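Welcome, and please bring up the model in your viewer. We will go from stop to stop, with something to select at each one.

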Amino acid sequence: MSEKNAVSINDVDKIFNETRDDEVTALSNIDLTIKEGEFVSLIGPSGCGKSTLLRLIGDLLEPTQGSVEVFGKSAHQARIDQDYGMVFQHAGLFDWRRVSANIELPLELHGWSKSDRATRSQEMLDLVKLPDFGGYYPRQLSGGMQQRVSIARALSFKPKLLLMDEPFGALDEMTREHMQIELLRIWEETGTTVVFVTHSIPEAAFLSNRVVVLSPRPGQVHSVIDVDLGQRTESTRQDPKFFAAATEIREALRAVEEQE
Amino acid sequence: MKTAKATRVFFTVVFVIIFLVLLWEGYKWMGQQNDDHWPGTNFGLPIATNDTIMPHFVDVVGELTAEIRDGRSSMPMYAFLLKKAWFTFQEAAIGFILGLTIGMGLAVLMSRWKISERGLLPWINVSQTIPLIALAPVVVTWGRNQGLPDLFSISLISTYLTFFPVAVSGLRGLQSPDAAHVELMHSYAASWRTTLFKLRLPAARPYLFPALKLAGSLSIVGAIVGEISIGRKTGLGRAILEYALRYAIFPERLYASVIGAAFLGLMVFGMINLAERFFMRRTREVAS
C-alpha cells in the first residue's frame, strides 16, 4: 500500500432535485481519503447514499458542492482517462455478446486491435477462473459466473481503481463467500484499489482494510473502522478477530439507527 | 431438430388451410341445404351461400390456372397476378424502406432528446388517425404537381403506414437498456453515438422485428389502397378493383386476386422473418 491517494473526497454535498419540492440531500459534508491499494467498504442502512458516493467517485454523478479527486485529478478527468472500472449489482452483461466479447467491450471502445483484445480477454478469463467460457453467452452462465465476467470486464483495461456497487448482493450465500475469496485474490494479484459498497456486515468485515459507516438522511460519515485480518482464507470466517471486526461494524450501525 | 421444426410448421399450415376450406365449404353446403337459414330456424345466414357470393374453393383455385386476356396477350391467371404483384411489391418495398428510415430516424431523435419525444410523439400518433383513403388523393395530386411518378406517390402512402410502428417500437427498444447498461457506457466515457451503436441499437432488435413484420404487411396494404385510390393501371390493387366491378360475372377472379394479395403479404412476412433470423442469430442460439 503506497502513501499516494487514490481517491480524495473533500467536503462534498450531493442534493438531488435542488430547489424543487422533492429536493433530497443525499450526502452532506463528506470527507474521505482512500490510499492507493486500499480495500475500502462503504456500509450503511438503505438511503444513506453509499451508492451515490460511489457514483460521485466514478463521475456518474456530480457533487452539488465540494470536490472529488481521483489519482490527483478531477473525477471527470479520471473517467475520461478510464482510471477506474465499475461492477454493478446485476452483472449488466450484454446478452447479445459472447462472454469474451463482453470482456472486450471496453477494449473495443478504446480502439484495441482484435488480436490484442482476444489475448487480454483470455488473460482475464483465466484471472476470474473461467478459462473455457469465452464462447458462451451470458444467459448460459450462473449468476456467480456472470458476476465474475463482469469483474473481468471491469479489470480488462487494467484500471488502478475498481468501483463495486453491491456486486455480490444478488448471489446466494455460498457463491458469495467464494466470490469474496476470489475478489481478494484478484485484488492482491492486481494491486488495484477497491471501493466496495455493501449492506452485509460480514462481507465488509471480511474484505476490507477500512470500513466507512454512513448514516442516512442526510448521508454522512458516521465512523471509519480499521480492520486487519491479514491473509484471509475460508477459516478466517471462524477467527475471533473477524468476529471482533464484525461486532465493531454492527455496533456502529446500531448507533446510526439510534441516532435517527 | 431444425428439420423437425420445419416439418411441424409445414403440417400446421396445411392443416389450417384444410380446416378453413372445410369451414368454407361446410357453411356453403349447410346454407344450400336450408335455403340460407340456420338449420331448423327462421334466422337467415349472415352471408348468402350461392356461387356468386361464395364460389367453391376448387373453382377459385381453378381460376388461378385459367387463361385470361391481358391487353393483347393472353396468360394464365396466376402469371397475370404475379406480374401485378411484382408492381405492388416494388411500391411496397420502396414504401417500407422509406418508412423504416423515417421511423428509425424519428425513434433515434426522440430517444436522444426528451423534448423531441414530447414534441413529436403526439403528432406521430395523430398522423395515424387520418383515414388513408382521404390522404391518398392529396399525396397523388401533390406528387403529380411535383412531377413525381405515380409509383413513388403510392410508395409514399405505404411509407405513411409503415413509419408508425417502426418509430413507436424503435423508441421503446432504444430506451430498453437498463440504467446500469447506460451507466456502464458512461463510465467508459463512450459518446452518444458509440452508445447508440454498441448498446441501444442491438438492444432494440427484439422490439423492432415484431414492428417490422407489422410494417411489412402494412406496406402492402398501403400500396394496394394507394393503387385503388390513384387509379394506376398496374398493380394488384388495380386488379382487385377491376374484378370487384365485374364481380357478378367472375366472382372467382376477385377471390383469386385476394389470394394473390394474401400471398404477397406472406412473402414479405417471410422475408422479414429471414432478416430477423440473420440479425438476431446470436440471441437465437441461446434460446434454442
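Two residues are in contact here if their C-beta atoms, placed from the backbone, lie within 7 Å. This is a predicted model, in which local features need pLDDT of at least 70 and side-chain atom pairs count only at pLDDT 80 or more, while totals for chains, interfaces and linings use all residues. Residues are numbered from 1 along each chain as its sequence is written, with chains lettered from A and ligands numbered from 1 in the order in which they are written.

Start by selecting Leu163(A). Beyond its neighbours within four places in sequence, Leu163(A) touches Leu54(A), Ile57(A), Gly58(A), Tyr84(A), Met86(A) and Val195(A).

S1(A) runs antiparallel to S2(A), and 8 bridges join them; strands pair if DSSP finds at least two bridges between them. One bridge to find is that of Asn5(A) with Lys35(A) in S2(A). Now widen the view to the open, antiparallel sheet of 4 strands, ordered S2-S1-S4-S5 in chain A. Strand S2 (24-35) and strand S5 (73-74) of chain A are at the edges with a single partner strand each, so one side of each has no neighbour in the sheet.

Finally, move to where the chains meet: 15 residues of chain B are in contact with 16 residues of chain A. On the chain B side, helix H7 (179-187), helix H8 (192-230) and helix H11 (281-287) each give two or more residues; helices are DSSP runs of H or I, at least four residues long. Colour H7(B), which gives the largest share, 6 residues.
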